[in-house]
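These are my notebook entries on a single structure. I set down what I looked up, entry by entry.

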Amino acid sequence: MKTPIFESCLAEPIRHFIRLRQTEGRDYHSQAMLLHYFDHFLVEQEVTNAHITRQLVEAYEDTLQHLVPRVQGNRMCVVRQLCEYLSRTDPFTVVPEPRRTPSSQATFAPYIYSEDDVSALLAAAARLPPAGKLRGPTYQTLLGVLASTGLRISEAMDLSLADFYHDDQRLYIAQGKFSKARWVPLSHSTDKALSRYVERRRNMMPNTPDSPLFLNLRGHRLRHVTVNHTFHRLLRQCELIHDGSPRPRLHDLRHTFAVRRLLTWYRDEEDINAKLPWLATYMGHVDIQSTCIYLHPTAELLEQVNKRFHHHYLQQIATQGVSQ
């Protein structure tokens, strides 16, 4: 995975800090992505003073209020680590107090997108300006791939043209989380949609095998901050953001994929316990426990669970009646 591009007045110190962490044997890619949000904030605020003040930290923290506490804590944690590093040579840098955030997953409820939600988002993405350019198809295909495969957004953005195997209907994830590589089979419809996009995408430069699969308007690899910003615009256009409710996230498409897959297996009367290891491998998890975090009790899922339990109960009654 490539290190994100930093452009603020603290870009160079941030890069030094990340390299230091990596020389300690840490992956630090996820943390680098979180620092990218802070860097983008500094650029947006036109900050030119290379000192992190208390007012600056508080202003950044205010921009995170729409996020769940756990995510807020993660973003502020890496900022605090950066401040500790900078304070060693800059006495004017303030080190914020560590935040206490809920550790229980019970405090977090992702947004599970309906099929209509996903269809609306894909349609809105296809209409993104400028008309006739690759931007609309890029976001429509990207969101379609996320919804149908459950890929992490970082994995999707890291894809190159050579990672799409149309004849085999699969994607190659060269380096997922924890540096794990894996193959991701595609449905026929997803493979077809991705093939249409790639056919158009190859008319754009660069188009060598190691070139990004998904391009921005400048012909570069997509940036996480820009993708999130565009996605939030699409949410507003599709009226999926409501006052007083947590904002749906891009990562919730991954949660939705897991729930939908489980729902399909229930409807097909599959052995769920036998299938869960498959789902864990497909999603790039190290164990089933990590996958279970993504399995949320929706109304549709609970209905299928109830039907299966009721059917099992009737079978048990019938078996006992025959034995008597």
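Entry 1, aromatic rings. I began with a cluster and found that Phe38, Phe41 and Tyr60 form one aromatic cluster. The model is a predicted one, in which local features need pLDDT of at least 70, side-chain atom pairs count only at pLDDT 80 or more, and totals for chains, interfaces and linings use all residues. Residues are numbered from 1 along each chain as its sequence is written, and side-chain values use heavy atoms, with hydrogens and water left out.

For accessibility I used relative accessible area, where buried is under 20%, exposed over 50% and partly exposed in between (1.4 Å probe, protein chains only). Tyr111 is partly exposed at 26%, whereas Tyr113 is buried at 0%.

I also noted Phe257 and Tyr282, which form a stacked pair with 5.5 Å from centre to centre and 20 degrees between the planes. This pair links distant parts of the chain, since Phe257 is in helix H10 and Tyr282 in helix H11, 25 residues apart. Helices (H or I, at least four residues) and strands (E, at least two) are DSSP runs numbered from the N terminus. Both partners are buried: Phe257 has a relative accessible area of 10%, and Tyr282 one of 18%.

The charged end of Arg170 sits over the ring of Trp183, at 3.7 Å from its centre. Arg254 lies over the face of Tyr294, 5.1 Å from the ring centre.

Which residues have the most contacts inside the largest nonpolar core? I listed Leu146, Leu151, Leu171, Leu194 and Phe214, in a core of 51 residues. A core is a set of buried Ala, Val, Leu, Ile, Met, Phe, Trp, Tyr and Cys residues joined through side-chain atoms within 4.5 Å. Among the elements that give two or more residues to this core are helix H6 (135-149), strand E2 (170-173), helix H8 (188-201) and helix H11 (272-283). H10 gives the most, with seven residues.

I examined Leu151 for contacts (heavy atoms within 4.5 Å). Not counting residues up to four places away in sequence, Leu151 touches Leu146, Leu171, Ile173 and Arg254, among others. A second, separate core has 30 residues, including Ile14, Tyr60, Val68 and Met76.

Entry 4, the loop between H8 and H9. I located Ser211 in this loop and found Ser211 buried, with a relative accessible area of 4%. The side chains of Ser211 and Thr208 are joined by a polar contact of 2.7 Å. Such a contact is a pair of N or O atoms within 3.5 Å; within protein, one must be able to donate a hydrogen and the other to accept it, and residues adjacent in sequence count only if both atoms are side-chain atoms. Beyond four places in sequence, the contacts of Ser211 include Leu159, Arg201, Pro206 and Arg221. Pro206 lies in the loop between H8 and H9 too, and a cis peptide bond joins Met205 to Pro206, with omega about 0 degrees.

Gln169 is not a glycine, yet has a positive phi of about 55 degrees. Glu269, in the loop between H10 and H11, has phi near 60 degrees and is exposed at 68%.

I traced an open sheet of three strands in the order E1-E2-E3, with antiparallel pairing. Two strands pair if DSSP finds at least two bridges between them. E1 and E3 (182-185) stand at the edges with a single partner strand each, so one side of each is left without a neighbour in the sheet. E1 and E2 pair over two bridges, and Tyr165 stands opposite Arg170 in E2.

Definitions and conventions
Rings of Phe, Tyr and Trp (its six-membered ring) pair if their centres lie within 6.5 Å; planes under 30 degrees apart count as stacked, over 60 as edge-to-face and the rest as tilted. A charge sits over a ring if NZ of Lys or CZ of Arg is within 6 Å of the ring centre and within 35 degrees of the ring normal.
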